Amino acid sequence: MKEGRILKAFGGFFYVYDFESKDVYECRARGRLKQEKVDIIAGDIVDFTIFEDQTGIVENRKERDNYLFRPPIANVEQVVITSAIMEPDLHYKLLDRLLVLAEAEDFEIIICINKIDLSGLEKAKETLRPYEKINYKVIYTSIEDNLGIDELRQALRDKVSVFAGPSGVGKSSLLNALQPGLELKMGEISDKIKRGRHTTRHVELLPLEFGGWVADTPGFSSLDVTSISSENLQYFFPEILESLDYCKFYPCSHSHEPKCGVKDALEQGKIAEHRYENYLEFLAEIQQAEEKNWRR
Ligand SMILES: Nc1nc2c(ncn2[C@@H]2O[C@H](COP(=O)(O)OP(=O)(O)OP(=O)(O)O)[C@@H](O)[C@H]2O)c(=O)[nH]1
Ligand SMILES: [Zn+2]
């Protein structure tokens, strides 16, 4: 039996990347898997058998480490949160929203700042200093000047990655620079949505020739943080997590309570003001949603 990763599930077929030969096989699934309602999606690791005629069958699905809901991908290891330094402008609030969503899923996180040809590296680094300070890995790239592409390649190597970030920041261009021919599906899809046509989406993992896989559809298209609970939000800001042991009250929402370790850290400049403000804003959104559910 062989072991491989599902690249795509479509129309009853499973496209399996063989870990050993690196070939891709079109397989069906054992009837037993269907009976037991084992769903098999992109990213799943499976045992499979190849017959003499090169057709194959998926025998088993391995246990999943995790599961990304939208787009549906199993065993995601990291998210590349992508923003342009300008055109479109970088917004801390959007960046923080994506960071919180990725932290909540416990994915490894890379921040990729693209289009640094427009700002210069120094300016970009200054903008991202608050994030480097709290130990996020930031990679600065430019398609135009061919900067940072190799560093991004190293970061993706041998992992299952999903890009996330707003339209126009250069996600497709980056993928194409990493490996010519790779492109994201997003532009194509949003055109169809504009025309009001219903489209069924089939996410596909693209194997990287230097090792690893990347999803062809960006993740976290919904920026809604209200699936996170108001108690848990604090854990998804690393610098807040680091300060909350010093709060006098438990629980402490770090908004109005006295003797709050987080507010102390804010005053001492250990927490960036905009990060704290975004924490409060997300907290308010979550609390509002929780109240609504409560009243229902
Ligand atoms: N100056 C500059 N322009 C870039 C760079 N990277 C991408 N662009 C341009 O930015 C525009 C958007 O790039 P895309 O790769 O389509 O962006 P995207 O994030 O995939 O956008 P969606 O498909 O809408 O999600 C294109 O016109 C690119 O040529 C860069 O490093 N520098
Ligand atoms: Zn507190």
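Tyrosine 276 and tyrosine 279 both belong to helix α9, three residues apart, or about one turn of the helix. Helices here are DSSP runs of H or I with at least four residues, strands are runs of E with at least two, and both are numbered from the N terminus. This is a predicted model, in which local features need pLDDT of at least 70 and side-chain atom pairs count only at pLDDT 80 or more, while totals for chains, interfaces and linings use all residues. Residues are numbered from 1 along each chain as its sequence is written, and side-chain values use heavy atoms, without hydrogens and water.

## Aromatic pairs

Nine aromatic pairs are found in the whole structure. Rings of Phe, Tyr and Trp (its six-membered ring) pair if their centres lie within 6.5 Å; planes under 30 degrees apart are stacked, over 60 edge-to-face, and the rest tilted. Phenylalanine 237 and tyrosine 279 form an edge-to-face pair, with 5.6 Å centre to centre and 85° between the planes. Phenylalanine 237 lies in the loop between β13 (213-215) and α7 (238-243) and tyrosine 279 in helix α9 (residues 273-295), so this pair ties together parts that are 42 residues apart in sequence.

Tyrosine 276 and tyrosine 279 form a stacked pair, at 6.4 Å centre to centre and 25° between the planes. Phenylalanine 237 is buried, with a relative accessible area of 0%, and tyrosine 279 is buried at 1%. Buried means under 20% relative accessible area, exposed over 50%, and partly exposed in between (1.4 Å probe, protein chains only). Ring pairs join Phe237, Tyr276, Tyr279 and Phe282 into a cluster.

## The barrel

Five strands close into a barrel in the order β1-β2-β3-β5-β4, with mixed pairing; two strands pair if DSSP finds at least two bridges between them. Strand β4 (residues 45-50) pairs with strand β5 (residues 56-61) in the antiparallel sense over five bridges. Phenylalanine 48 stands opposite valine 58 in β5.

## Nonpolar cores

A nonpolar core is a set of buried Ala, Val, Leu, Ile, Met, Phe, Trp, Tyr and Cys residues joined through side-chain atoms within 4.5 Å. The largest has 54 residues, of which Ile111, Ile113, Leu128, Phe220 and Leu233 touch the most other members. Helix α2 (residues 92-104) gives the most to this core, with six residues. A second, separate core of 18 residues includes Val80, Ile110, Leu152 and Leu206.

Notes
Chains lettered and ligands numbered in written order.
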